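Take a walk through this protein with a few simple checks in hand. Look at the sequence and the fold first, then read on.

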Amino acid sequence: MIFYFSGTGNSLAAAMAIAKATDDMLVDIGASYKYKDFDFTLEQGEQLGFVFPTYNWTTPPIVDAFIERAQFRTGNKETFAPGYCFAVVTCGGGFIGNTARIFGKRLLAAQGINLDASFSIRSVGNCTFLYAPAEGKRREQLLAHAELEARKASERIAARERVHAERRNPFGVLMSAFNEKDEKPRSTSEFYTLPTCIHCGRCAELCPTNTITMIEGAPRWTELGCTQCLACLHRCPTNSIQYGKATETRGRYVNPVLATAKGV
């Protein structure tokens, strides 16, 4: 079973590639968190995987919360122990720092499960309030590279290689140490909508943490709970949602897999 979290599709694309190679079932962490569904039944010794993005060189808050709340059991209600456990971390930059190792420590502390392998996949970045997402030929190159990296990781996972092969460098490791905390609050104060908002409610529907509420037809963000996946911003049908003034002049990004994936 592969658990994934994805705001704009990069981690979903990677998870789908791996699931195809390993014949594993996919479970959406965002949907599980949104609807408070944390009970999962697996076969004893079944492969267990996690695919998610790196945020600020560490794990997304929603992934931390999910690992704390998830109940992995067998049909006999025994404590589940996987035969092989892996993590794949997607990123918009070149290096993920210690994200995979941070996740491994959290998984062991919360679930008593050891992380046997970890990989990283670079794709198009979506942190629009910091930079403009790649476009044109550069975007195509990054997506092609991500597809190749996902295929390579899939082969190694299918072979159950026990290796930690994610991309790290001293700067990323330093930033991981600086940003990793027990609590990782994400501000919503910079979110706002332009007059082009059509009040469709898509943003509230997509929000995995139920941070967005429609009030008199307009989205409102609560102060706490946001994991800052930016799904609301990038997947708004009229590009009306902004996070700070810089995003008004920057493009949007959605991985092509979201155009074909059902139920996403």
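K184 counts as buried because its relative accessibility is 8%. Buried means under 20% relative accessible area, exposed means over 50%, and partly exposed lies in between, with a 1.4 Å probe and protein chains only. K184 forms a salt bridge with E180, and their closest N and O atoms are 3.0 Å apart. A salt bridge here is a side-chain nitrogen of Lys or Arg within 4 Å of a carboxyl oxygen of Asp or Glu. E180 counts as partly exposed, at 24% relative accessibility.

A word on the model. It is a predicted one: local features need pLDDT of at least 70, side-chain atom pairs count only at pLDDT 80 or more, and totals for chains, interfaces and linings use all residues. Residues are numbered from 1 along each chain as its sequence is written, and side-chain values use heavy atoms, with hydrogens and water left out.

How many salt bridges does a search of the whole structure find? The search finds 11. One of them joins R202 and E205, at 3.1 Å from N to O. R202 and E205 are three residues apart in helix 7 (residues 202–206), so about one helical turn separates them. Helices (H or I, at least four residues) and strands (E, at least two) are DSSP runs, numbered from the N terminus. R202 is partly exposed, with a relative accessible area of 23%. Another salt bridge links K152 with E149, the closest N and O atoms being 3.9 Å apart. K152 and E149 are three residues apart in helix 5 (residues 136–158), so they too are separated by about one helical turn. K152 counts as partly exposed, because its relative accessibility is 43%.

In what order do the five strands of the open sheet stand? The order is 2-1-4-6-7, with parallel pairing. Strand 2 (26–28) and strand 7 stand at the edges, each with a single partner strand, so one side of each has no neighbour in the sheet. Neighbouring strands of this sheet are turned by 20° against each other on average, direction ignored. Axes are lines fitted to C-alpha atoms, for helices over the stretch in contact, and angles run from 0 to 180 degrees between N-to-C directions.

Follow the pairings across. Two strands pair if DSSP finds at least two bridges between them. Strand 1 (residues 2–4) and strand 4 run parallel, joined by three bridges. F3 stands opposite F50 in strand 4. Strand 4 is mostly covered, with seven of its nine residues buried. Eight bridges join strand 4 to strand 6, and these two run parallel. Q47 has Y84 in strand 6 as its bridge partner. Strand 6 and strand 7 also run parallel, with six bridges between them. Here V88 has F119 in strand 7 as its bridge partner.

Helix 5 packs on the sheet, touching strand 4, strand 6 and strand 7, and its direction makes about 165° with that of strand 7. Contact means heavy atoms within 4.5 Å. Helix 5 has 23 residues and reaches 33 Å from its first C-alpha to its last, close to the 33 Å expected at 1.5 Å a residue. The expected span is 1.5 Å times one less than the number of residues. Which residues of helix 5 are buried? They are R139, L142, A146, A150, A153, S154 and I157. What covers them includes helix 1 (10–22), strand 4, strand 6 and strand 7. Helix 5 is followed by R160, whose phi is positive, near 55°.

Helix 4 (residues 99–111) passes the length check too: its 13 residues should span 18 Å, and its end C-alpha atoms are 18 Å apart, which agrees. Its buried residues are T99, A100, I102, F103, G104, R106, L107 and Q111. These pack against several elements, including helix 3 (61–69), strand 5 (71–73) and helix 6 (170–179). After helix 4 comes G112, whose phi is positive, near 70°.

Last, the cysteines. A search of the whole structure finds zero disulfides, a disulfide being a pair of cysteine sulfur atoms within 2.5 Å. C229 is in no disulfide, and the nearest cysteine sulfur, that of C207, is 6.5 Å away. C229 counts as buried, at 8% relative accessibility. The sulfur of C232 is 6.5 Å from the closest cysteine sulfur, in C229, which is too far for a bond. C232 is buried, with a relative accessible area of 9%.
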